[in-house]
Amino acid sequence: MITIDISTIDELLQFLKALAARHKQGLWYRGEENSALTLVPSIQRSEKRLAIERFITNDFYIRAKQIFKNPPEKHNYSEWVALMQHHGLPTRMLDWSKSPLIAVFFATETYQQYPDTDACVWVLAPNLLNQMEGFGDCIYPIDADTAQEMLLPAFKHLHHNPVLENKILACYSTDSHLRMYSQQACFTVHNSLRRLEDICSEEMLYKIIIPHDRKQYFLESLRVFGITESFLYPDLDHISSELTKVYDI
């Protein structure tokens, strides 16, 4: 894995231009507020979470069905997991974006909470990941049968397809939610406890470090390009929050 430190938007663009010239297919980006965190989904960050995954997913399903006017279909596991991810529950998916600037925003938006912590942006070649995992070099939609079956063990006991065990799959979002569209969302589905940084070659995964003392600079630069809180979270709460900051009230 290649790791590089950047301090300016220009350095970021120069590095990404070099990657684009090397990779003919699109790259994905993940912003992380703490560069020390590993590439594993939130459900795998503790043994306790793993042990109760099915309880979490089924309880969410039961409660959401009672209050949602138009919930996902019962067996549309990808949409249910995406909904859980969207609302902050730990799942077996990792969020990515097709936009590097959006990833930088997520990496730096909490700079005031973590002023002494370096951030990072991970860069993934999703087609090479899928090829390595035996899925070919195409990118599946999240509601494809293969992705659905990889998510099924999160809901049902003793459901294991040996062909899909210990696999990680890169998928495009098909959710009709405006936030997913604004964030250019895509996912990796982790039916495996392996960390991406442990299995990916130098041609598949890169790590861009944003030093802690440059996070504010990057966040302020993104505002010039229109990458703001209300753009990525298009709802009234975030519009109000952004206006409060803009007008310092």
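Reader: Okay, where is L243?
Author: L243 sits in helix 12, which covers residues 236-246. One thing to keep in mind as we go: this is a predicted model.

Reader: Got it. Is L243 buried, exposed or partly exposed?
Author: L243 is partly exposed, with a relative accessible area of 42%.

Reader: What kind of surface patch does L243 belong to?
Author: A nonpolar one, formed by L236, I239, L243, V246, Y247 and I249. Together those residues have about 700 Å² of accessible area.

Reader: What about charge? Which residues form a negative surface patch?
Author: That would be E73, E79, D143 and D145. As for E73, you'll find that residue in the loop between helix 3 (53-67) and helix 4 (77-86).

Reader: Is E73 buried or exposed?
Author: Exposed, with a relative accessible area of 63%.

Reader: Which residue does E133 pair with?
Author: E133 meets R194 in a salt bridge between their side chains, at 2.5 Å from N to O. E133 lies in the loop between helix 6 (126-132) and strand 5 (140-141), while R194 lies in the loop between strand 7 (185-191) and helix 9 (196-199), so the pair ties together parts that are 61 residues apart in sequence.

Reader: And are those two buried or exposed?
Author: E133 counts as buried, at 5% relative accessibility. R194 is partly exposed, with a relative accessible area of 23%.

Reader: What does R30 pair up with?
Author: R30 forms a salt bridge with E32 through their side chains, 3.3 Å from N to O. R30 is buried, with a relative accessible area of 15%, and E32 is buried as well, with 9%.

Reader: How about R195?
Author: R195 forms a salt bridge with D198, and the closest N and O atoms are 2.8 Å apart. R195 is partly exposed, with a relative accessible area of 32%, whereas D198 is exposed, at 52%.

Reader: Which residues are linked in a network of salt bridges?
Author: R195, E197 and D198 are.

Reader: New topic: backbone angles. What is the phi of N166?
Author: Phi of N166 is near 60°, a positive value in a residue other than glycine. N166 is found in the loop between helix 7 and strand 6 (167-172), and at 43% relative accessibility N166 counts as partly exposed.

Reader: And Q184?
Author: Phi of Q184 is near 50°, again a positive value in a residue other than glycine. Q184 is in the loop between helix 8 (178-182) and strand 7. With a relative accessible area of 33%, Q184 is partly exposed.

Reader: Last thing, distances. How far apart are L50 and P90 in space?
Author: They are 9.5 Å apart, C-alpha to C-alpha, and 40 residues apart in sequence. L50 is in helix 2 (residues 47-51) and is partly exposed, with a relative accessible area of 33%.

Reader: What about A144 and D10?
Author: A144 and D10 are 134 residues apart in sequence, and their C-alpha atoms are 38 Å apart in space. A144 lies in the loop between strand 5 and helix 7 (145-151).

Reader: Is A144 buried or exposed?
Author: Buried, with a relative accessible area of 15%.

Notes:
Residues are numbered from 1 along each chain as its sequence is written. This is a predicted model: local features need pLDDT of at least 70, side-chain atom pairs count only at pLDDT 80 or more; totals for chains, interfaces and linings use all residues. Side-chain values use heavy atoms; hydrogens and water are left out. Patches are made of residues with over 30% relative accessible area and no salt bridge: like charges are joined within 9 Å, nonpolar side chains (Val, Leu, Ile, Met, Phe, Trp, Tyr) within 5 Å. Accessible areas come from the Shrake-Rupley method with a 1.4 Å probe; for residues, only the protein chains shown count as cover. A salt bridge is a side-chain nitrogen of Lys or Arg within 4 Å of a carboxyl oxygen of Asp or Glu. Lys and Arg count as positive and Asp and Glu as negative; His and the chain ends are not counted. The place of a charge is taken as NZ of Lys, CZ of Arg, CG of Asp or CD of Glu. Helices (H or I, at least four residues) and strands (E, at least two) are DSSP runs, numbered from the N terminus. Buried means under 20% relative accessible area, exposed over 50%, partly exposed in between (1.4 Å probe, protein chains only).
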